[in-house]
Every structure is written in C-alpha cells, then in structure tokens.
Amino acid sequence: MLSPDEYFDAPFRTFLLGVNYRSPRNIVEQSQLLIRCNSRRVDKPVAAVEGAREAEIRIVDTRSIAERLRLVSGIARQTTYPGRVGVIGRTRSQLIPYEVYYAAGGGEVKTATDLDVFSSMAFDSLLQLLEVWDRARERRRPAKVVEDAMTVFNCIRRAPFGRRDDTNVRRFLRSVGARTCEEALEEFGDFPGPKLRGKSHEHLAGVGLDFLRSGEVWSAVGEIAEEFDGLRFDYEKAEEDIWHTDPPLKQLADMAEGEEMDADSLIERLEAARDQLRHYQAFEDESGHEADGTDSTLHLMTATRAKGKEFDTVIVLDAVETVWPHKRAESEAEIEAERRLFYVAFTRARRRVILLTAEGAPPSRFLEEAGL
C-alpha cells in the first residue's frame with residue numbers, strides 16, 4: 001500500500017529495509033535501476049550486504065525453441081542437487097514445452113499444480129486428434145472412420161451437434177461408406193441436414209480437411225491452435241479444465257518443428273512426459289519427501305509463482321517485447337505491473353541469471369532499463 005492512511009483511520013510510520021541480504025551485489029544494483037522506472041512505488045535506497053558476491057548475468061540470443069529446450073535441459077542436467085534451477089516464464093503456456101522435453105527424457109521436474117495440463121480432458125483430446133491425423137489416409141472399417149470423423153468435429157467445436165443431429169450425422173457418414181477419415185470429411189460437405197449449432201457442415205468439413213491435409217505434424221498442431229475452438233482458450237471451461245486458461249498449442253507446434261518430429265515422436269514425447277510426471281508425483285507421496293518438491297533440480301513457474309523463492313540459477317524465458325511486458329499490457333499502470341513481475345523473476349537468483357532472447361525479436365525494454 002502506498003498510502004494506507006487514506007484507507008484506514010490509524011497512524012502509520014514507514015520503516016525502510018535498505019539492506020538486501022539475499023541477492024548478489026550486481027543483481028541488487030541492476031534490479032534497482034529497473035524498478036525505479038515505476039512511478040507508483042515508495043522510493044527507497046537498497047544495497048547488497050557488505051561483502052556480497054557477484055552473480056553471473058548473461059543474455060543468450062537463441063534461434064529456435066529447439067535450441068532453448070536443449071540449453072535449459074543441459075543446464076538442469078549439469079546441476080546436481082541441492083543446486084536448483086528455476087525456469088521462469090511470463091505465462092504458463094511458455095513453460096509446457098520445457099516440462100514435456102525434460103520429463104520425457106527422464107528428468108525430475110517440479111511444477112505448480114496449475115501447470116498439470118496432462119490430467120486435462122483437452123490434453124487427451126489432443127492426443128486423439130494427433131492419432132487421427134496420423135492415420136487420416138489409412139483404410140479402416142467404416143465404423144472406425146465415423147468415430148475418427150466425430151472426434152475431429154467435436155474438437156473443432158465443443159458438442160457441435162445436438163442429440164438428434166449427432167445421430168443423423170453418424171447415420172449419414174455410415175451410409176457413404178468412406179474408408180478413410182479424409183474421405184468421410186469430403187463426403188460430409190454434402191450432408192443434407194440443416195445448419196448445425198451455428199456452424200454449417202461445409203465449415204466443419206473444411207476446417208477438418210485443412211487439419212488432415214497439413215503436411216507436417218507441427219502444422220497440424222498449428223491448425224488446431226487456430227481453428228479448433230474446442231481446444232482453445234475458454235474462460236468458462238477453464239473453471240473445470242486448466243488447459244483452457246492458456247493452451248500451449250503454439251508452443252508444442254514450435255517444439256515439434258524445432259525437433260523435426262513426426263506424429264509418432266510427438267505423441268510418444270507427450271505420453272512419456274505425462275507418465276514421468278505422474279510417476280514422480282507418486283514417488284514423492286510414497287517416500288514422504290517434502291510436498292513442495294525441494295529435492296528437484298529443475299523448477300518451472302510463472303513470475304507470479306516465483307515470489308518468495310530462490311534458486312542458484314534462474315532462467316528467464318523469452319525476454320522479448322510482447323512477452324515482457326505482455327502484449328496485452330497497454331496502460332502505464334499495466335506496464336508497471338509487468339515491470340514488477342520481471343523484477344521478481346530477475347531477483348530470484350543467488351548465483352546466475354540467464355535471460356533468453358530470440359533472434360529477430362526485439363529484446364524486452366526491461367533489459368535496457370536494468371542496464372543490461
């Protein structure tokens with residue numbers, strides 16, 4: 001509170017805590033340069049405790065998500081417990097590829113419960129869609145083809161058919177005798193029924209065919225991100241399924257492209273990550289280890305979740321404009337809130353800070369403000 005006396009009928013005094021006992025000297029100095037850019041704050045002199053060490057601060061310009069995944073994973077694997085690496089993102093969706101990549105390789109990773117997209121129904125739907133895409137041109141029994149087509153329709157839009165329409169669509173698809181999912185969607189363009197809950201059958205067929213005809217699995221995931229409303233952000237669905245608060249589809253597409261994955265590789269990576277994380281959580285429960293996972297080396301979190309925590313190494317993801325500050329931050333107050341979050345991320349480190357930028361993207365203004 002900047003002016004508590006305006007809100008409470010009581011006397012207040014201000015005590016300035018000007019010595020930072022936690023952070024290395026250069027992190028204290030550079031973070032103070034940053035936060036002084038905020039006008040809504042109590043100005044106070046802060047210095048590191050006498051004799052404080054210097055941290056290593058590096059800005060690493062990366063060319064692709066694949067390079068960033070390998071870099072972060074390599075740092076985590078080179079760090080042995082009790083050393084800890086904190087990977088801090090602005091949004092949850094930034095963190096998912098690192099969770100998948102590291103866990104699928106057998107690494108123990110600690111995440112907040114609000115990052116557990118693997119228990120989401122939408123995650124299961126994504127795996128089903130990838131399986132359908134992979135076999136879109138395989139000849140199968142008509143009943144199986146109908147189920148694949150319905151999986152596509154139900155992800156393009158959640159429950160696109162009423163009960164009667166669902167029966168009619170299934171009956172129509174069985175009647176045309178398609179032997180591949182692609183054939184079924186082509187035939188569905190001629191469905192004689194009425195408009196279906198705000199989407200024409202031509203629209204559903206067109207979106208589905210664009211998805212099935214994507215040349216690579218990462219472009220198929222990109223189609224899902226752009227056109228499949230059933231798997232995208234949805235405020236109401238987010239109350240029951242964490243996936244819909246910040247779907248990581250674009251990030252997973254970038255990971256698949258950077259690693260040049262085919263459908264089998266991506267599905268296996270996602271399933272392996274899910275199984276590894278579940279195994280690790282079960283192991284923690286059975287062994288009586290601390291509930292916060294303090295025996296893990298790699299910790300993934302948003303800047304909001306990072307408050308109050310410390311790590312030997314901090315890696316700040318995507319230190320570029322539109323991420324830090326977030327692209328939706330426009331007003332001065334919103335930019336100041338974003339600056340405070342970046343300040344939190346930057347000051348979590350005890351020994352080393354690595355700020356990842358992306359080749360071709362403007363670096364975050366916060367780097368310059370901090371004298372970096």
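A residue is called partly exposed when its relative accessible area lies between the buried range, under 20%, and the exposed range, over 50%. Arg-70, at 46% relative accessibility, therefore counts as partly exposed. The model discussed here is predicted.

**Salt bridge between Arg-70 and Glu-259**

- Arg-70 pairs with Glu-259 in a salt bridge whose closest N and O atoms are 3.2 Å apart.
- Arg-70 belongs to helix α2 (residues 65–78), and Glu-259 to the loop between α11 (249–258) and α12 (263–287), so the pair ties together parts that are 189 residues apart in sequence.
- Glu-259 has a relative accessibility of 23% and counts as partly exposed, as does Arg-70 at 46%.

**Salt bridge between Arg-40 and Glu-336**

- A salt bridge joins the side chains of Arg-40 and Glu-336, with an N to O distance of 3.7 Å.
- The two residues are 296 residues apart and link distant parts of the chain: Arg-40 is in the loop between α1 (25–35) and β2 (47–48), whereas Glu-336 is in helix α14 (residues 332–346).
- Arg-40 is partly exposed, its relative accessible area being 40%.
- Glu-336 is buried, because its relative accessibility is 2% and the cut-off for buried residues is under 20%.

**Salt bridge between Arg-274 and Asp-275**

- The side chains of Arg-274 and Asp-275 also meet in a salt bridge, at 3.5 Å from N to O.
- Arg-274 is buried, with a relative accessible area of 15%.
- Asp-275 is partly exposed, with a relative accessible area of 43%.

**Salt-bridge network**

- Side chains of opposite charge can pair when their charged atoms come close.
- A network of salt bridges links five residues: Arg-22, Glu-310, Asp-312, Arg-350 and Arg-351.

**Nonpolar surface patch**

- Which residues form a nonpolar patch on the surface? Met-1, Tyr-7, Phe-8 and Phe-12 do, and together they have about 550 Å² of accessible area.
- Met-1 is located in the segment before β1 (19–20).
- With 75% relative accessibility, Met-1 counts as exposed, because the threshold for that class is over 50%.

Notes: Residues numbered from 1 in each chain as written. Predicted model: local features only at pLDDT ≥ 70, side-chain atom pairs only at ≥ 80, totals over all residues. Heavy atoms only, no water. Salt bridge = Lys/Arg side-chain N within 4 Å of Asp/Glu carboxyl O. Helix = DSSP H or I, 4+ residues; strand = E, 2+ residues; numbered from the N terminus. Buried < 20%, exposed > 50% of the residue type's maximum accessible area, 1.4 Å probe, protein only. Patch = residues over 30% accessible without salt bridge, like charges linked within 9 Å, V, L, I, M, F, W, Y side chains within 5 Å. Areas by Shrake-Rupley, 256 points an atom, 1.4 Å probe, with all protein chains shown as cover.
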